[in-house]
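Here are my notes on the model, as numbered points. Please read them with the structure open.

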Amino acid sequence: TGTTMDSWNGDAQRYTEYMAGKGYVAGSVFYNSGVYPLSCDGFRGKAESLFNATNPNSALYALCSLPKADCTKGVVVSGFSQGAQLTSLAANYAGPHLITAIYESAGGDRIQPPGVPAYAQCMNKEHLVIPTERIRSMVGVSDATFGGSYENIRKQQVAITGIDCANQYNCLSAAGYGWYIIQDDQPSSQLANHCYAYENGCDSYNFDHNYATTAEDWGFHANLNWLDQMVRAKNLKKSA
């Protein structure tokens with residue numbers, strides 16, 4: 001979830017229940033979303049408290065300690081906005097051996113206006129230990145929070161994933177990793193802003209109808225199914 005959002009609102013429940021329905025031990029994590037960090041140290045502190053797999057007080061440790069959980073089979077993480085930024089740091093604290101894939105929704109490495117500090121020194125791909133082929137990122141073309149213009153949005157997606165497709169909107173590989181810039185005519189609201197995935201933009205925690213139902217790459221099902229496929233592929237390799 002993102003800044004000021006509840007950890008068990010409607011969207012968090014949908015994500016969690018969908019993955020649980022596929023057989024995962026799934027959870028939505030409470031964190032202090034009401035405070036947006038204004039430094040990399042702030043983000044690192046939050047990310048460590050969520051994802052440090054050796055810290056008994058971390059969310060990941062608690063989840064992996066549940067009786068039915070076997071985190072050696074793989075861990076996938078998803079987040080929106082501030083949650084997406086924290087998601088990008090997961091493998092830095094849990095290790096890439098645990099974090100199998102991440103799905104970032106409406107994330108970036110700097111927010112508008114330009115006077116707010118950038119987070120390039122911790123969120124750019126060169127500072128992340130998770131491999132590029134395990135990152136999938138979605139953002140709206142009218143996102144005024146992370147970018148404000150197509151070119152700035154594209155630059156941020158390149159920075160946080162390590163993949164550059166020149167002037168393309170769809171930079172997803174055949175294997176599903178990479179980034180995708182959603183166009184204004186794709187959500188039912190006809191506006192792909194920071195909250196493209198939500199009904200009535202940022203004023204609701206209910207999903208936008210098109211995001212919830214489309215089979216296209218930017219939608220709910222395609223993104224969560226990719227996370228599932230990444231875990232299944234990892235375990236197929238282990239059993240081969």
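1. In what order do the five strands form the open sheet? The order is 1-2-3-5-4, with mixed pairing. Strands here are DSSP runs of E, at least two residues long, and helices are runs of H or I, at least four residues long, both numbered from the N terminus. Two strands pair if DSSP finds at least two bridges between them.

2. A word on the source. This is a predicted model, in which local features need pLDDT of at least 70 and side-chain atom pairs count only at pLDDT 80 or more, while totals for chains, interfaces and linings use all residues. Residues are numbered from 1 along each chain as its sequence is written, and side-chain values use heavy atoms, with hydrogens and water left out.

3. Strands 2 and 3 run parallel and are joined by four bridges. Ser 105 stands opposite Met 138 in strand 3.

4. The largest nonpolar core. It has 35 residues. Such a core is a set of buried Ala, Val, Leu, Ile, Met, Phe, Trp, Tyr and Cys residues joined through side-chain atoms within 4.5 Å. Buried means under 20% relative accessible area, exposed over 50%, partly exposed in between (1.4 Å probe, protein chains only). Tyr 103, Met 138, Tyr 196 and Tyr 211 touch the most other members. Several elements supply at least two residues each, among them helix 1 (10-21), strand 2 (99-105) and strand 3 (135-140). Helix 9 gives the most, with six residues. Apart from this core lies another, of 27 residues, including Ile 102 and Tyr 119.

5. Met 138 up close. Leaving out residues up to four places away in sequence, Met 138 touches residues including Tyr 103, Ser 105, Ala 106, Tyr 196 and Trp 218. Contact means heavy atoms within 4.5 Å.

6. Aromatics. The whole structure holds 13 aromatic pairs. Rings of Phe, Tyr and Trp (its six-membered ring) pair if their centres lie within 6.5 Å; planes under 30 degrees apart count as stacked, over 60 as edge-to-face and the rest as tilted. Tyr 36 and Phe 43 are edge-to-face, at 5.4 Å centre to centre and 85 degrees between the planes. Tyr 36 is buried at 19% relative accessibility, and Phe 43 is buried at 0%. The ring planes of Phe 207 and Tyr 211 stand at 65 degrees, with centres 5.2 Å apart, so this pair is edge-to-face. Both Phe 207 and Tyr 211 belong to one aromatic cluster, which includes Tyr 15, Tyr 196 and Phe 220.

7. Ile 160. This residue lies in helix 7 and is buried, at 2% relative accessible area. Ile 160 and Ser 88 are 72 residues apart in sequence, yet 8.1 Å apart in space, C-alpha to C-alpha.

8. Backbone angles to check. Which way does phi of Ser 81 point, positive or negative? The value is positive, near 60 degrees, in a residue other than glycine. Ser 81 sits in the loop between strand 1 and helix 4 (82-88). Ala 106 also has a positive phi, of about 60 degrees. Ala 106 is in the loop between strand 2 and helix 6 (120-123) and is buried at 0%.
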